[in-house]
Amino acid sequence: MADICKKDPKLAAVIQKTGKPCKIFEEVKDDGQELNAFKALATAIIYQQLHGKAAATIERRFIDLFQDNGVEPSSATRTFPTPKQARAADRQTLRSVGLSERKAEYIHCLADRFIDGTITNEKLLSMPDEELSQLLCSIKGIGPWTVDMFLMFDLKRPNILPVGDLGVRKGMAIHFGLKGTAKGKKNDLPSPEQMRTAAAIWEPYRTIGSYYMWALMDIKTVKDSEEKEEG
């Protein structure tokens, strides 16, 4: 943290003003034992284009499909389905819990890649950022933003800049005084290239810089939400 603050004193001021630790790296596990990549990516698909409460309800119903019949599972005993379990459920069954036909297809496609070995936790933990991004973006339903969030929050990669995230774009526009280059557009946000150029000062800790752009805009992250629910 000291290194990035030294390079960007304005960011140091943001960190001090928000008074928030970077929750992404509060509990870093080097061995990857707690990583459940299928759960993380399938959950991201479920949450796409939905408000939090609606998505959480669908996620709960989706998980409940795979619990023992006749047993009311508690939050402590409910387990996320494996790729094989999710693939064995037909699309009609998946749609019965609120998933769209397209999202049911996406979850099946994702499960297939885990089942055939194209994706494993071990591979994801060892792959370079760009290679991993290309692999996951080749799967239906997974795009650059989903991959960036996975890299940041699940794999704890330190140098991710999610150029497609609206909150980070707005934060960087304010922090660096950036304006978009598109002609004829008022209040245009910076382009991905402008963001990468400006964020060079944060290397190799762009994840931290990005996190505090959310804090600057007072946007709650996944980790912030988890803390609120636990409290």
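Guide: Helix α10 is mostly covered, with eight of its eleven residues buried. Buried means under 20% relative accessible area, exposed over 50% and partly exposed in between, with a 1.4 Å probe and protein chains only. The buried residues of α10 are T146, V147, D148, M149, F150, L151, M152 and F153. Helices (H or I, at least four residues) and strands (E, at least two) are DSSP runs, numbered from the N terminus.

The model is a predicted one, in which local features need pLDDT of at least 70 and side-chain atom pairs count only at pLDDT 80 or more, while totals for chains, interfaces and linings use all residues. Residues are numbered from 1 along each chain as its sequence is written, and side-chain values use heavy atoms, with hydrogens and water left out.

Just after α10, K156 takes a positive phi of about 60 degrees, although K156 is not a glycine. Most residues other than glycine have a negative phi, and most peptide bonds are trans. K156 sits in the loop between α10 and α11 (166–176). With a relative accessibility of 15%, K156 counts as buried.

One packing partner of α10 is α3. Two packed helices are described by the angle between their axes and the distance between the axes. The axes of α3 (residues 37–47) and α10 (residues 144–154) cross at roughly 135 degrees and come within 11 Å; axes are lines fitted to C-alpha atoms, for helices over the stretch in contact, and angles run from 0 to 180 degrees between N-to-C directions. The two helices are therefore oblique to each other, given that angles under 35 degrees count as roughly parallel, over 145 as roughly antiparallel, 65 to 115 as roughly perpendicular and the rest as oblique. The crossing of α3 with α10 is right-handed. A crossing is left-handed if the near helix is turned anticlockwise from the far one by less than a right angle, and right-handed if clockwise.

On the α3 side, A37, A40, L41 and A44 take part, and they meet T146, F150 and D154 in α10. Contact here means heavy atoms within 4.5 Å. The residues of this contact divide into five nonpolar, one polar and one charged. Ala, Val, Leu, Ile, Met, Phe, Trp, Tyr, Cys and Pro count as nonpolar, Asp, Glu, Lys and Arg as charged, and the others, Gly among them, as polar.

The crossing of α3 with α7 is right-handed. A37, F38, L41, A42, I45, I46 and Y47 in α3 meet K103, Y106, I107, L110, A111 and F114 in α7. This contact is made up of twelve nonpolar residues, no polar residue and one charged residue.

A pair of aromatic rings is described by the distance of the centres and the angle of the planes. Rings of Phe, Tyr and Trp (its six-membered ring) pair if their centres lie within 6.5 Å; planes under 30 degrees apart count as stacked, over 60 as edge-to-face and the rest as tilted. Seven aromatic pairs are found in a search of the whole structure. One of them is the edge-to-face pair of F38 and F80, at 6.1 Å centre to centre and 65 degrees between the planes. F38 lies in α3 and F80 in the loop between α4 (52–64) and α5 (83–88), so the pair ties together parts 42 residues apart in sequence. F80 also pairs with F62; the centres are 5.6 Å apart and the planes at 55 degrees, so this pair is tilted. Because F62 lies in α4 and F80 in the loop between α4 and α5, the pair ties together parts 18 residues apart in sequence. F62 is buried at a relative accessible area of 0%, F80 is buried at 12%, and F38 is buried as well. F38, F62, F66, F80 and F114 form one aromatic cluster.

Q49 counts as exposed, at 82% relative accessibility.

As for the setting, the protein chain has 14 helices and zero strands. Of its 231 residues, 42% count as buried.
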